[in-house]
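Work through the exercises below with the model open. Each task is followed by a stepwise solution.

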Amino acid sequence: MTKKLWGTRFTKKTSALTDKFTSSISYDKKLAKYDVLGSIAHARMLGKAKIIAASEAKLIVKGLNAILKEIKNAKFKFDYNAEDIHTNINNALKKKIGVVADKLHTARSRNDQVVLDIRMYCKDAIDDLIKSIVSLQKSIIEFAKNNSRIIIPAYTHLQIAQCVLLSHHLLAYVEMLERDKDRLSDTKKRTDYMPLGSGALSGTGLPIDREYVKNELGFSKITENSIDAISDRDFIVELLSDLAILSVHLSRIAEDLILWSTKEFNFIDIDFSFCTGSSIMPHKKNPDVLELIRGSVGKAVGDLSSVLILMKGLPLSYNRDLQLDKPPLFNSTEALMDILEIFIELFKNIKLNKDVIAKKIEDESLFSVDIVEYLVEKGLSYRQAHDITGRIIKDTLDKGIKISDLELKNLKKYSGKFDLKVKSILNAWASVSRKTSYGGTDPKLVKKQIIRWKEKLDARI
């Protein structure tokens, strides 16, 4: 039978139902590497501070390194009868080195031990997420660079609005993802606190060296209040919040691609490797991967909500409820990593239907603002120019007549400010040749932005 780390004063064994209900090894085994690394630093500190003999610390570290090697090589055998990963590793260590293993838990509680493990996990997860976001940004930038001269109709309210460069639209995704990176980086600052030494809640009277452990494990700071240190899960809430926002951004990108791949839009062709078919309709090519990405937002938001609700009524300090913070954390982190990896490859395999897009931008509705700004430059107020253009559209486009087919004398009936130049602006290329402050219709500016982003992202990697 697996020995627990507690229970000496208990007069009877816990029920099998209790053991099953309270066990966390099925999911906290993901913390195995961090639990061992934290224990190695702790054991070294115990030896350095002469709390245990140097020879004992050395033996413990040797045993832990052997376990760490097994974990990294996927050879460590998890004991699913163990209460948690801490018990599992402690028992495995005892099998390797004997009773000396019992000295490892000196000046430590599972309360501060688990917080240490989770903080280490979160720090690595944040680094991995940021790397993947950078890779996705680079994938999008490459797609934008390869199609930097393509003009598409942009939409508001899902109604055709104005012409923009496809690359400008794609750079919007890069901006969104940049904010996600910033949020994650900021969250890491508050995660990067070493809590070991807090004990169960009030520290320890033994002469431990927390600064040594901090430096061994690569933390920037140590926690200052032991009660807060073992009960704080703000860093998990923050990370889950970051991931929920990231999932929303990825869902919006997925929705654009889903719409663009429909027969109604037909702007893009998504590679077969990221689509599925229908069991009844042989012709179908469904963007199921993107739809599942879109649907994953519910899970990410749910994971955030579950931890917020978990924390809502907890009194200080530690409560067993906190065991349940890990499944939502692991679920969201792993799901978002998978989604990012999919997007990185998906953007490398999108094909543009350029002829279809070119046909779409023949719609002269796209140039209504250009006409308005043309009249503004002629000295009219924006309101006057807007009203004049609205009347022209009502008399032409709403009746299936092209504005470009009107003779100049007919245009002058709406305003004497019109001259032949107005004909030239009813053209996509003319529209995107204007210099603008943002680059939506300025190829030179967009090109500069792409180069600047590429340099920035290359420097980041």
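**Exercise 1. What is the volume of the largest cavity, and which residues lie nearest its centre?**

Solution. The model is predicted.
- Step 1: take the volume. The largest cavity holds about 70 Å³ of space.
- Step 2: The structure has two cavities of 30 Å³ or more.
- Step 3: list the lining. There are 11 lining residues, and His 86, Asn 90, Leu 104, Arg 108 and Gln 113 lie nearest the centre.
- Step 4: assign the lining to elements. Helix H3 (32–48) and H5 each give two or more residues to the lining of the largest cavity. H5 gives the most, with three residues.

**Exercise 2. Locate the salt bridge between Glu 83 and Arg 110 and classify both residues by accessibility.**

Solution. 
- Step 1: check the distance. The N to O distance between the two side chains is 3.2 Å, and a salt bridge requires a separation within 4 Å.
- Step 2: find the elements. Glu 83 sits in the loop between helix H4 (54–72) and helix H5 (85–97), while Arg 110 belongs to helix H6 (residues 110–146). The partners are 27 residues apart, and the pair links distant parts of the chain.
- Step 3: apply the cut-off. Buried means under 20% relative accessible area. Glu 83 has 9%, so Glu 83 is buried. Arg 110 has 22%, so Arg 110 is partly exposed.
- Step 4: widen the view. Glu 83, Asp 84, Arg 110 and Arg 320 form a network of salt bridges.

**Exercise 3. How many salt bridges does the whole structure contain? Describe the pairs Asp 458 with Lys 138 and Asp 419 with Lys 378.**

Solution. 
- Step 1: count. The search finds 32 salt bridges.
- Step 2: take Asp 458 and Lys 138. Their side chains meet at 2.9 Å, N to O. Asp 458 is in helix H19 (residues 443–460) and Lys 138 is in helix H6, 320 residues apart. Asp 458 is partly exposed at 37% relative accessibility. Lys 138 is partly exposed at 30%.
- Step 3: take Asp 419 and Lys 378. The N to O distance in this salt bridge is 2.7 Å. Asp 419 is in the loop between helix H16 (408–411) and helix H17 (421–424); Lys 378 is in the loop between helix H14 (368–377) and helix H15 (382–395). The two are 41 residues apart. Asp 419 is partly exposed, with a relative accessible area of 26%. Lys 378 is partly exposed too, at 32%.

**Exercise 4. Which residues of H14 are buried, and what covers them?**

Solution. 
- Step 1: list the buried residues. They are Ser 368, Asp 370, Ile 371, Val 372, Tyr 374 and Leu 375.
- Step 2: name the cover. The covering elements include H15, H17 and helix H18 (428–431).
- Step 3: look past the helix. Gly 379 follows H14 and has a positive phi, near 110°.
- Step 4: The C-alpha atoms of Ile 371 and Lys 189 are separated by 50 Å. Lys 189 lies in helix H7 (residues 166–191) and is exposed at 55% relative accessible area.

**Exercise 5. Is Thr 223 buried or exposed, and what does Thr 223 contact?**

Solution. 
- Step 1: Thr 223 is in the loop between strand E4 (221–222) and helix H9 (226–231).
- Step 2: read the accessibility. With a relative accessible area of 9%, Thr 223 is buried.
- Step 3: list the contacts. Beyond its neighbours within four places in sequence, Thr 223 touches Tyr 193, Met 194, Pro 195, Ser 198, Arg 210 and Ala 229.

Methods
Residues numbered from 1 in each chain as written. Predicted model: local features only at pLDDT ≥ 70, side-chain atom pairs only at ≥ 80, totals over all residues. Heavy atoms only, no water. Helix = DSSP H or I, 4+ residues; strand = E, 2+ residues; numbered from the N terminus. Buried < 20%, exposed > 50% of the residue type's maximum accessible area, 1.4 Å probe, protein only. Contact = heavy atoms within 4.5 Å. 1 Å grid on protein atoms, 1.4 Å probe; cavity = no way out; pocket = protein on both sides within 12 Å on 5 of 7 lines; lining within 4 Å. Points joined across faces, edges and corners; volume = space filled by probe spheres on them.
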